[in-house]
Amino acid sequence: MTSPLQQKIKITGPSMVTANRTSDGIVIYRTAQQGWSASLSDAAVVRTSDEARALLAEANADDVGAVGAYIAPVELKDSGEIKPGNLRERIRSKGLTIDLLPA
Amino acid sequence: MYAYDELDRTLINERVSEFRDQVKRRLSGELTEDEFKMLRLQNGVYLQLHAYMFRVAIPYGTLSSKQLRTLAHVARRYDRGYGHFTTRQNIQYNWIKLSELPDALADLAEVGIHAMQTSGNNMRNVTSDQWAGVAPGEIEDPRIWSEILRQHTTLHPEFSFLPRKFKIAITASDHDRAAIKIHDIGLRLYRNAEGETGFEVLVGGGLGRTPFIAKTIKPFVSRRDILSYVEAILRVYNQYGRRDNIYKARIKILVHELGIEKFAAEVEEEWEHIRDSALTLEDSVIEEIRSRFSYPAYDKLPHMPEELKKTAHDPHFEAWRRNSVFTHKVQGYSIVTLSLKPVGGPPGDATADQMDAVADLADKYSFGEIRVGHEQNLVLPHVAKRDLPALWKALDKIGLATPNINLVSDIIACPGLDYCSLANARSIPIAQELTRRFANHETANMIGRLHINISGCINACGHHHVGHIGILGVEKNGEEFYQITIGGRADENAQMGTLIGPAVPYGDVADVIEDIVEAYLALRARPDELFVDTVKRLGVEPFRERVYATR
């Protein structure tokens with residue numbers, strides 16, 4: 001079995017590691033302080049594949065706290081604000097794009 | 001309604017206790033996610049984009065009012081106040097907490113509901129016609145056979161680790177409302193020339209990335225032999241089905257690769273070993289199951305009661321009655337479909353308040369019984385015609401009297417990228433926009449029967465291949481695009497739709513569908529030629545020309 005540290009991971013831009021919290025399933029982001037936050041603004045941003053691999057390995061080591069960790073792209077604004085890098089992450093970060101009730 | 005016996009109740013309660021312990025061990029770290037994943041999947045718990053998703057079984061789509069109130073309670077107490085009825089007669093909750101799941105399961109168990117057979121590589125919820133037991137001309141109630149198969153396969157060790165999930169659907173009517181031809185096994189109950197009741201057995205149907213219409217493997221299997229015959233099919237699948245490639249693991253691939261004749265020969269050989277065994281269904285066994293289904297004590301009622309005559313002048317009531325009320329096998333009664341497709345609403349969703357209200361209406365007007373159809377609507381199966389005006393008023397108040405059953409806005413849609421971790425594109429907002437475009441009832445009525453099915457990925461939970469118009473979301477360079485097929489159908493004449501051309505971007509989908517519908521209106525031979533028949537007569541070319549001429 002391939003060690004997570006040796007898995008082929010290639011990122012093409014700034015990225016973060018995200019998962020779901022084990023107890024309630026909410027979306028969480030790996031922070032630079034080796035913890036998790038429900039806010040994307042707290043996410044650790046990595047810029048190289050080696051950094052991404054290391055951050056993911058650290059996240060996966062927390063099997064009790066988080067489920068299904070993976071690397072996802074982010075967009076960094078000039079202001080330093082972190083934005084989701086694709087539609088899937090926008091939906092995970094901001095919630096449903098739909099009206100729940102007829103409108 | 002089917003009444004569970006002590007064995008069923010014990011099994012469900014023990015299952016809750018077992019899962020409670022598993023969840024406790026997962027949350028404490030005693031179980032890793034790798035160890036826990038299969039256990040949670042065997043209890044209907046998936047991980048989706050925003051949270052865990054909890055899928056609860058509604059065997060053969062039948063619910064009591066008490067059970068529906070409990071589904072409402074779970075939505076309100078453990079989720080966000082609504083649930084989503086699926087294309088396989090289940091309900092899904094989208095925001096459930098793992099730590100609260102055992103309590104939710106325990107509450108459901110009190111009314112005989114569970115989440116077994118809703119996920120994992122085992123037998124899934126055996127579905128049936130939502131009009132079972134009340135449809136005119138039906139041979140007999142197909143739910144008896146769904147229940148026999150449910151009991152036999154639940155937690156059966158031989159069928160708990162199949163190469164892939166396995167779905168069976170059963171119908172006992174000429175018109176197939178259960179979509180049996182797109183299931184791993186489809187069973188059609190009928191009476192042969194000798195007057196004996198048995199099943200046409202179809203095998204190898206399915207959608208997903210490799211869609212197939214099921215083929216008849218045996219034209220007639222006596223009802224006493226159906227359990228052994230189905231088991232023989234499962235054994236052959238279990239032995240030869242591929243386990244090395246998830247995309248080639250369904251029985252449809254095995255049937256396709258072996259050919260139906262070779263596959264049938266393998267089944268026959270296996271069947272010879274087990275057909276005269278404990279699997280033979282003696283009449284007493286069948287009657288035992290049948291006896292646990294209760295049926296209403298119908299009154300003798302007139303075909304056209306005064307209450308109905310008095311309300312016939314109301315055009316809104318008449319629009320609803322003509323659209324949503326169907327002929328019952330008993331004079332004086334009707335089958336009523338409740339649309340979960342309001343203009344601008346997510347298809348198949350119902351709020352906890354709506355579920356409670358429907359449960360009350362079922363008690364008042366439908367002998368306490370509700371059905372769920374694969375088209376993601378609800379049904380009150382035993383409504384006295386005299387009660388139709390009062391029922392309509394009550395349904396209208398809670399937003400469940402949209403007269404669009406089988407019309408263009410009665411859209412089947414999967415949860416799509418708004419919820420699902422497998423999805424590539426959104427389904428629900430496409431459906432919502434289409435219901436707004438076709439909100440005018442007169443226009444929708446003039447268009448006639450037209451089924452739109454939307455899936456957010458190739459796994460096809462929205463059954464897009466068999467929609468009269470199918471819409472499949474794909475991703476291209478990070479953007480949502482949609483492939484459009486036309487001419488599919490899921491009934492007794494089931495067939496896959498044909499792709500009309502290149503995928504179109506998210507913002508163009510509703511315009512494209514409007515173009516297709518306008519082309520149909522211009523091309524149909526007569527006002528009563530259905531969309532799907534016009535496509536069959538003319539092919540896709542005129543529609544392709546209309547859609548792509550200016551794109």
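**Stop 1: H463(B)**

Select H463(B). At 10% relative accessibility, this residue counts as buried. Here buried means under 20% relative accessible area, exposed over 50%, and partly exposed in between, with a 1.4 Å probe and protein chains only. H463(B) sits in the loop between β17 (452-455) and β18 (469-476) of chain B. Helices (H or I, at least four residues) and strands (E, at least two) are DSSP runs, numbered from the N terminus. Check the backbone too: H463(B) is not a glycine, yet has a positive phi of about 55 degrees.

A word on the model before the next stop. It is predicted: local features need pLDDT of at least 70, side-chain atom pairs count only at pLDDT 80 or more, and totals for chains, interfaces and linings use all residues. Residues are numbered from 1 along each chain as its sequence is written, chains are lettered from A and ligands numbered from 1 in the order in which they are written, and side-chain values use heavy atoms, with hydrogens and water left out.

**Stop 2**

Pick E475(B), in strand β18 of chain B. E475(B) is partly exposed, with a relative accessible area of 47%.

Now select N477(B), in the loop between β18 and β19 (479-486) of chain B. Is N477(B) buried or exposed? At 79% relative accessibility, N477(B) counts as exposed. N477(B) has a positive phi of about 50 degrees and is not a glycine.

**Stop 3: the nonpolar cores**

Nonpolar side chains tend to be buried together in soluble globular proteins. A nonpolar core is a set of buried Ala, Val, Leu, Ile, Met, Phe, Trp, Tyr and Cys residues joined through side-chain atoms within 4.5 Å. The largest one here has 107 residues, and F54(B) and L71(B) have the most contacts inside it. Helix α6 (residues 226-240) of chain B gives the largest share, nine residues.

Select F54(B) and show its surroundings. Beyond neighbours within four places in sequence, its contacts include V45(B), I91(B), Y93(B), L101(B) and L108(B). Contact means heavy atoms within 4.5 Å. Then look for a second, separate core of 35 residues, which includes A444(B), V504(B), Y520(B) and F531(B).

**Stop 4: two helix pairs**

Two packed helices are described by the angle between their axes and the distance between the axes. Axes are lines fitted to C-alpha atoms, for helices over the stretch in contact, and angles run from 0 to 180 degrees between N-to-C directions.

Select helix α3 (residues 65-78) and helix α12 (residues 352-365), both of chain B: they pack at about 170 degrees with axes 8 Å apart. That makes α3(B) roughly antiparallel to α12(B). Angles under 35 degrees count as roughly parallel, over 145 as roughly antiparallel, 65 to 115 as roughly perpendicular and the rest as oblique. Among the residues making the contact are L68(B) and L71(B) of α3(B), and M355(B) and V358(B) of α12(B).

Next, select helix α5 (residues 143-153) and helix α9 (residues 283-291) of chain B. Their axes come within 10 Å and cross at roughly 105 degrees. That makes α5(B) roughly perpendicular to α9(B). I144(B), W145(B), E147(B), I148(B) and Q151(B) of α5(B) meet I286(B), I289(B) and R290(B) of α9(B).

**Stop 5**

Select V255(B), in helix α7 (residues 251-258) of chain B. V255(B) is buried, with a relative accessible area of 3%. Not counting residues up to four places away in sequence, V255(B) touches V203(B), G204(B), I260(B) and F263(B).

Move to T327(B), in strand β11 (residues 325-327) of chain B. At 58% relative accessibility, T327(B) counts as exposed. T327(B) and V134(B) are 193 residues apart in sequence and 8.9 Å apart in space, C-alpha to C-alpha.

**Stop 6: chain A against chain B**

Finish by colouring by chain. 25 residues of chain A are in contact with 34 residues of chain B. The two chains bury about 2,300 Å² between them, 60% of it on carbon and sulfur atoms. Buried area is the accessible area (1.4 Å probe) that two parts lose on being put together, summed over both. Select R88(A), L96(A) and I98(A): they supply 20% of the area that chain A buries against chain B, more than any other three residues.
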